[in-house]
Amino acid sequence: MNKTIFEITKMDCPSEENLIRMKLEEISGIVNLDFDIANRKLTVFHSGEIDQIEKSVIELNLGGKKISTEQTYQTEFKENANQKKLLWFVLAINFAFFIIEMTTGIISKSMGLVADSLDMLADSFVYGISLIAVGGTVIKKKRIAKLAGYFQISLAIIGFVEVLRRFFGDEKLPNFSTMIIISIFALIANGICLYILQKSKSKEEAHMKASMIFTSNDVIINLGVIIAGILVKWLSSSKPDLIIGTIVFILVIQGAFRILKLSK
């Protein structure tokens, strides 16, 4: 058996881990995948050549790069029986905050919250595709991934159109207090999801380093919406909200294309 280590520079939260799992699950010869999100490393235990595995990792555009390949005699790997239960838990949290942020974003006229809700929906898609396709065929997984990807892109495009309308129109200021409060709760929710999933991996990772939480794109987005809310109040302008909304919509579309790559 061989052990190949990859550096994945854009793997900063469990949703990216799940994307990689789904991409590699159909490759025969893979015995185990060991993720180290804190150090952005993936260790693949496999038999046979590494070429197909390396190609699949690179195709996800997560900054994957092979570091080393060596022979190993390790044959036993720890399996987490609670993994599926935990995935359902984080799926529920992400989908709940999609509804909360979408609703409050529309009511408060905040495109930042609306965009962040789509980011939460994107994570829900990743977890949902993985769970729904468990025990199913590869074709089933690919069909679900394609539908999810196109749906996500459609919502993001609608969001862009709304941003342009508000940018050139005469819109009222978004409710900055709602932006800040809801984003703080979303920040806490993302931190909880990240902590629970990492704690489940092994005793060595049972403690979550604060620095690790704040490398997550999801958390950075939450902080961005909070800052935008502060600037909306300070500058008496809706532009900060529209700017952060645009940035997040771009990230959502990038995530959608990664999901679509699973359907190929």
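So, is I184 buried, partly exposed or exposed? I184 comes out as partly exposed, because its relative accessibility is 36%; buried means under 20% relative accessible area, exposed over 50%, and partly exposed is in between, with a 1.4 Å probe and protein chains only.

Quick housekeeping. This is a predicted model, where local features need pLDDT of at least 70 and side-chain atom pairs count only at pLDDT 80 or more, while totals for chains, interfaces and linings use all residues. Residues are numbered from 1 along each chain as its sequence is written, and side-chain values use heavy atoms, leaving out hydrogens and water.

Back to I184, which sits in helix α6. Helices here are DSSP runs of H or I with at least four residues, strands are runs of E with at least two, and both are numbered from the N terminus. I184 also belongs to a nonpolar surface patch, together with F89, I181, F185, I188 and I192. Patch members have over 30% relative accessible area and no salt bridge, and nonpolar side chains (Val, Leu, Ile, Met, Phe, Trp, Tyr) are joined within 5 Å. A salt bridge is a Lys or Arg side-chain nitrogen within 4 Å of an Asp or Glu carboxyl oxygen. Helix α6, residues 176-199, gives the most to that patch: 5 residues.

Now, backbone angles. Most residues other than glycine have a negative phi. N61, though, has a positive phi near 55°, in the loop between α2 (51-59) and β4 (64-71). K109 has a positive phi too, near 65°, in the loop between α3 (83-108) and α4 (111-132).

How values were computed
Patch = residues over 30% accessible without salt bridge, like charges linked within 9 Å, V, L, I, M, F, W, Y side chains within 5 Å. Areas by Shrake-Rupley, 256 points an atom, 1.4 Å probe, with all protein chains shown as cover.
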